[in-house]
Amino acid sequence: MTVNDEMRIPYVSKEICKYLRETYNLPMVLSQVINAKNADIGMGRVVGINEVIERLEAITVQQEENDGIN
């Protein structure tokens with residue numbers, strides 16, 4: 001990744017990651033699967049939610065490394 005690419009990545013707080021993990025907890029995500037029109041759509045939602053949160057968490061780790069926190 002180039003410096004210009006890194007400059008386009010917005011700041012992500014740990015608090016937003018924590019909020020999303022708490023909001024999209026297992027019972028809530030399972031309800032998404034149950035309420036989906038078919039299992040593939042439900043599982044796609046589960047995977048998508050997790051991938052987005054994992055990416056945000058990875059950005060926070062990178063930010064901390066860049067700031068010398070970790």
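**First stop: E64 and K14**

Select E64 and K14: the two form a salt bridge, and their closest N and O atoms are 2.9 Å apart. The term salt bridge denotes a side-chain nitrogen of Lys or Arg within 4 Å of a carboxyl oxygen of Asp or Glu. E64 lies in helix α4 (residues 39-67) and K14 in helix α2 (residues 14-23), so this pair ties together parts that are 50 residues apart in sequence. Helices are DSSP runs of H or I with at least four residues, and strands are runs of E with at least two; both are numbered from the N terminus.

This is a predicted model, in which local features need pLDDT of at least 70 and side-chain atom pairs count only at pLDDT 80 or more, while totals for chains, interfaces and linings use all residues. Residues are numbered from 1 along each chain as its sequence is written, and side-chain values use heavy atoms, with hydrogens and water left out.

Now display the surface of the two residues. Is E64 buried or exposed? E64 is buried, with a relative accessible area of 13%, whereas K14 is partly exposed at 48%. Buried means under 20% relative accessible area, exposed means over 50%, and partly exposed lies in between (1.4 Å probe, protein chains only).

**Second stop: E57 and R21**

Next, select E57 and R21, which form a salt bridge with the closest N and O atoms 3.1 Å apart. This pair links distant parts of the chain, as E57 is in helix α4 and R21 in helix α2, 36 residues apart. E57 is partly exposed, with a relative accessible area of 26%; R21 is also partly exposed, at 31%.

Then select K18 and E22, a salt bridge whose closest N and O atoms are 4.0 Å apart. Both residues lie in helix α2, 4 residues apart, which is about one turn of the helix. K18 and E22 are both exposed. The count of salt bridges comes to 3.

**Last stop: the whole chain**

Finally, select the entire protein chain and colour it by secondary structure. How many helices and strands are there? There are 4 helices and 0 strands, and the pattern along the sequence is α-α-α-α. Of the 70 residues, 19% count as buried. Among contacts (heavy atoms within 4.5 Å) with a separation of 6 or more, 69% are between residues 24 or more positions apart.
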